[in-house]
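Take a look at the chain below.

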Amino acid sequence: MFFLLIQGQDAQTELKTSVLNFVDNFIASIPHYIFGLLILILGIFIAGWISNFARARIHHRTQDPLMSKFLGRGIRFVISIIFIMLALNAAGMGRISAGILAAAGASTVILGFAFKDIGQNFIAGVILSFNRPFDVDDTVEIGDIFGKVKALEFRYTKLKTFDGKDVYIPNSDVITLPVTNYTEDGFFRWDFIIGIAYEENIDGAKKVVLKALKEEPMVINDGVHHNFVIEDELATSTVNLKVFFWVDTKDFRMQALITKGNVVRRIKEALEDAGYYMPADIQEIKLYGKESELPLSFIDKDANKPSAKKP
């Protein structure tokens, strides 16, 4: 009994000693913790400043907001990780930082399989930041999605469609899918078909169309971009002419559509003013078998009306 009492007192003494040692060590380590916290706070500010500086310099040299934004975020992420490790070492938690690095290295393979798509999109984002077929506010078609480029993030490219939808396309799809850029050089060629009667003069109609194109201020006609008209088809009731003309696509797609509408209206009115007839499709009805008369009847609506009495 006495032995057990002595043993219990020794255990209490050891526990008390351990608690006191822990408190003493914690108090002694407070300056290190404060120093590590200061390094962390300072590192966050430094990472943000370097990121903004690098972003501004890259944008100044490349005039590419997508690349500068993407690389700026990447630089901020790397610098933040470095300062987090430095803060842990300064706070006396070097083993924790080493453990984090070791765990990160060991889990890289596992996470690589688990998050393969995320890794692909990230690498694709890095590739797109250096070699990209579009810029901010370019009108592009990626696969079957059509809209303006708004942002390039680590995992996706953001497009704003012309009906107001925000579409986020994985960067890996941007690399693998066909990308059509409508505004890279600022020009796009529209075309439409207009039909004239068979008895009309084709060359004369083409001259009227070309003159109308020259009178439209938003249509481009220079040494590189030529507008022209060709005979496209001998249709049922018309000779179809196909009109090709160039428009500015910096404000694509609204302005380009407005310009196309103006061109269609102007050409239609010009042909009418010049006396050209643009007939509708003619429908031919044929009778087969024993039918000898059209199965149609015509009613004179004025026949049953009372005639006006003469004074």
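Is I81 buried, exposed or partly exposed? Keep in mind that this is a predicted model. I81 sits in helix α2. Its relative accessible area is 36%. Buried means under 20% and exposed means over 50%, so I81 counts as partly exposed.

Two helices, α1 (2-62) and α2 (65-90), each supply at least two residues of the patch. Helix α2 gives the most, with six residues.

Now turn to the aromatic rings. The whole structure holds seven aromatic pairs. A pair of aromatic rings is described by two things: the distance of the centres and the angle of the planes. Take F146 and F162. Their rings are 5.4 Å apart, centre to centre, with 35° between the planes, and the pair is tilted. F146 lies in strand β2 (residues 145-152), while F162 lies in the loop between β3 (156-160) and β4 (166-170). The two are 16 residues apart in sequence, so the pair ties these parts together. The two rings differ in their cover. F146 is buried, because its relative accessible area of 17% falls under the 20% limit. F162, at 40%, is partly exposed.

F146 has another partner, Y182. This pair is edge-to-face, with 5.0 Å between the centres and 80° between the planes. It links distant parts of the chain: F146 in strand β2 and Y182 in the loop between β5 (179-181) and β6 (187-196), 36 residues apart. Both F146 and Y182 are buried. Now step back. Ring pairs link F146, F162, Y182, F188 and W190 into a cluster.

What about the interior? The largest nonpolar core has 21 residues. Within it, V243, F245, I267 and L271 have the most contacts. Follow L271 to see its neighbours. Leaving aside residues up to four places away in sequence, L271 touches I194, I196, A205, V208, V209, Y276 and M278. Another core, of 10 residues, lies apart from the largest one. Among its members are I142, V149, V167 and I169.

Technical notes:
Residues numbered from 1 in each chain as written. Predicted model: local features only at pLDDT ≥ 70, side-chain atom pairs only at ≥ 80, totals over all residues. Heavy atoms only, no water. Helix = DSSP H or I, 4+ residues; strand = E, 2+ residues; numbered from the N terminus. Buried < 20%, exposed > 50% of the residue type's maximum accessible area, 1.4 Å probe, protein only. Phe/Tyr/Trp six-rings, centres within 6.5 Å; stacked < 30°, edge-to-face > 60°. Core = buried A, V, L, I, M, F, W, Y, C linked by side-chain atoms within 4.5 Å. Contact = heavy atoms within 4.5 Å.
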